[in-house]
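Subject: Structure for you to look at

Hello,

Here is the structure I said I would pass on. Please open it next to this message; my notes are below it.

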Amino acid sequence: MSANKKYILWFNELSIRDIPKVGGKNASLGEMFRQLKPKGINIPDGFAVTAQAYFYLLEQSGLKTKLRAVLKDLDTANISNLKSHGQQVRSLILHAKLPADLEAQIIIAYRQLEKEYGKNVDVAVRSSATAEDLPDASFAGQQETYLNVTGTKELLKACRECMASLFTDRAISYRQDKGFDHFEVGLSIGVQKMVRSDKACSGVMFTLDTETGFEKTVLIDGSWGLGENIVKGRVTPDQFYVFKDTLLKGFDAVISRQLGSKRLKMIYDNRHGKLTKNINTTAAERTSFILTDKEVMALAKWGVQIEKYYKRHMDIEWAKDGETGKLFIVQARPETVHATQSKNVLEEYQLKKRGTVIVTGSPVGTKIAAGQAKIIKDAKRLSEFKAGEILVTDMTDPDWEPIMKIAAGIITNRGGRTCHAAIVSRELGIPCIVGTENGSKKIKTGQAVTISCAEGEVGYVYHGVLPFVIKKTNLAKLARPKTKIMMNVGQPDIAFQSSFIPNDGVGLAREEFIINNHIKIHPLALLHFNKLKDPAARKKILALTAGYKNKSQYFVDKLAEGFAQIAAAFYPKDVIFRLSDFKSNEYANLIGGKMFEPVEDNPMIGWRGASRYYSSNYEAAFGLECKAMLKARNAMGFTNIKVMVPFCRTVEEGKNVIAVMKKYGLNKGEQGLEFYVMCEIPSNVILAEEFSDIFDGFSIGSNDLTQLTLGVDRDSQLVSHVYDERNAAVKKLISQVIKIAKKRKRKIGICGQAPSDFPDFAQFLVREGIDSISLNPDTVIKTTLAILAEEKKLQRRKK
């Protein structure tokens, strides 16, 4: 090999075609620096030490023969063997001297970077393996990164350490598993000007939802200080979701904000030869978001630009400079988990029964696993772990990967959905629950546990081995019926996953789930917070609304986010939101609710639904719902949202509610806004002609309609044998209202439980000519098949 060879390539000299020379990470940086920086994406300058430099070192020092000899009897299944061999290989590389001409080229390049950024410029030194960041193999995190490296001495040391890190235990194990030859993979080094995120914040961004593969969103995680804490799982970061379609149309597209605890931040530490250190964050930092909405959307736009340029979903690292206030992109690579998954097969994990919950956390993926728990507190005990066990630990780092790949599931105390444990679990396809806080204390080694990531935004660890099923459906072979098949969705956190089930939109989106699980506070307790006397309620409200001077705005924002997440999942299909339909006893159970709610003998037919909205005792609270709906439609751009009024006893009530909605800015017909009414009281059927004069359509609520038609308390065991939606009287009323709706050219659907429970009831609705049937997600496939069969019969009869 020529001693005069050029071993340094600047970012402006590189393109994506240079992966064999500088690895995927550096090639991508060069491509973006040349093509996307001119279009407004900020990328710090730097250079790559080529993979040829690494091979040059091996050749000049005679290391290749020595390394082969060490690795000859490597056994990655034996943790002790792996650790011993890895340590020997790294030691050989660390003690090898860089060739003089290579050293000189690195120093000259660093001096050039000093001319651009100043004397002793601080740089990040990162590995970039020549086989990494390919769509089907993610080597990211397999090698080391060194931050705040200053001066040529420290730089040369970091370069040697980077080269040695090609043989970390996890990198050796990973290559062996993926079938890569250890000596075919080269290592390039990226040297890039540091962004002073130690004085601000940093994080990661994915151009799809990492858990479900939902493609229309950008996920952004971030925490205070340098970004290593997020990747290592040391902190629970802030999390933001941005909807691409409305972002590109200029709307406020942040559809979800989740405040992380962010207890640590990594900053510079130039004393005693250290490069960085962790310090505790302040109370103000922990209770405030790291980015403004404007900054979140700016990052998301860059993410979409990068995704569009590369024509694939991307995994991106970003940083904010605390000295300039500017945002930067510091890395981008292909997303590797969902890129290789089939979109034609729907896989659903479902628990057959729930058990005693031990701990909860953030779920990674949507699977379920069961097995014996094994608590491993530090890397020295990795050899104790056995295949098929559930790994329980504080947090993982890349050294843990050899045992992670044989685990049935993983539970950590710390970390968010983009931490190391989450990334690796996703790639391995095993369920993982991160951020349990005390999982390693509450779970005992040898204890049988079930971990479920299949229940929405909360991951559950249950005591014992619980039965579960895995349903697989080939969507490519599923025909679409003439009758619209919509879904009942209440929880925003399952909306993305549910959207993959073949559907025509959402026929019933329940506000109650959002209010109960995400807001948790009675709206009047927020409006009249200063009058609230319950000290426990006041304390809880202050904690939940931290950062909100106007407490009622918390209700509006959180409800609008809930609307937006569900509307985004099904966009641009119709999503029909039913206005809040708590009974007074249920409202009273919200934080601060008891002060504002009456005690009713029969709340099921008491102060609920429409009668609340125009009442002087509740109208202001209902106004918050209207403001949230208006925000989701007008400010956030979700004009696919429709409004449905529940439990509307009389036509006059309907008119009153419409007048109140208008007062708060919701006008029927404006930007396609439609008002529906629940058909769940016999009066709705008897006066269907009159209700048609003021509403755009009906949605049959078979649960209450059955209860009120048969005079049966649906919660009473004593008369439960009488309760049947298929009773002739109920079916006669449903048939009648469908005919009237058709005559008056009003939309008519059903969102009650009956068609989900009884496929023959769904077939009856098809025969009656209903427009749409809204089903629980887990019954959509089987009911669709029953409807297709019924439509086929009807077609034959017509012939």
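What follows covers the confidence of the model and then its salt bridges.

This is a predicted model. Its average pLDDT is 92, and 97% of the residues score at least 70. Residues 133-140 are a stretch to read with care: pLDDT stays under 50 there, and the model has 31 contacts beyond four places in sequence for them.

The whole structure holds 41 salt bridges. One of them pairs the side chains of Arg257 and Asp293, at 2.5 Å from N to O. Arg257 sits in strand E9 (residues 254-258) and Asp293 in helix H11 (residues 293-310), so this pair links distant parts of the chain, 36 residues apart. Arg257 counts as buried, with 17% relative accessibility, whereas Asp293 is partly exposed at 30%.

Arg608 takes part in two of the salt bridges I noted. With Asp581 the N to O distance is 2.7 Å. Asp581 lies in the loop between strand E25 (575-578) and helix H20 (584-588), while Arg608 lies in the loop between H20 and helix H21 (610-613), 27 residues apart. Asp581 and Arg608 are both buried.

With Asp704 the distance for Arg608 is 3.0 Å, N to O. Asp704 belongs to helix H26 (residues 702-710), so this pair ties together parts that are 96 residues apart in sequence. Relative accessibility is 1% for Arg608, which counts as buried, and 4% for Asp704, which also counts as buried.

Regards

Methods
Residues are numbered from 1 along each chain as its sequence is written. This is a predicted model: local features need pLDDT of at least 70, side-chain atom pairs count only at pLDDT 80 or more; totals for chains, interfaces and linings use all residues. Side-chain values use heavy atoms; hydrogens and water are left out. pLDDT is the predictor's confidence in each residue, from 0 to 100. Contact means heavy atoms within 4.5 Å. A salt bridge is a side-chain nitrogen of Lys or Arg within 4 Å of a carboxyl oxygen of Asp or Glu. Helices (H or I, at least four residues) and strands (E, at least two) are DSSP runs, numbered from the N terminus. Buried means under 20% relative accessible area, exposed over 50%, partly exposed in between (1.4 Å probe, protein chains only).
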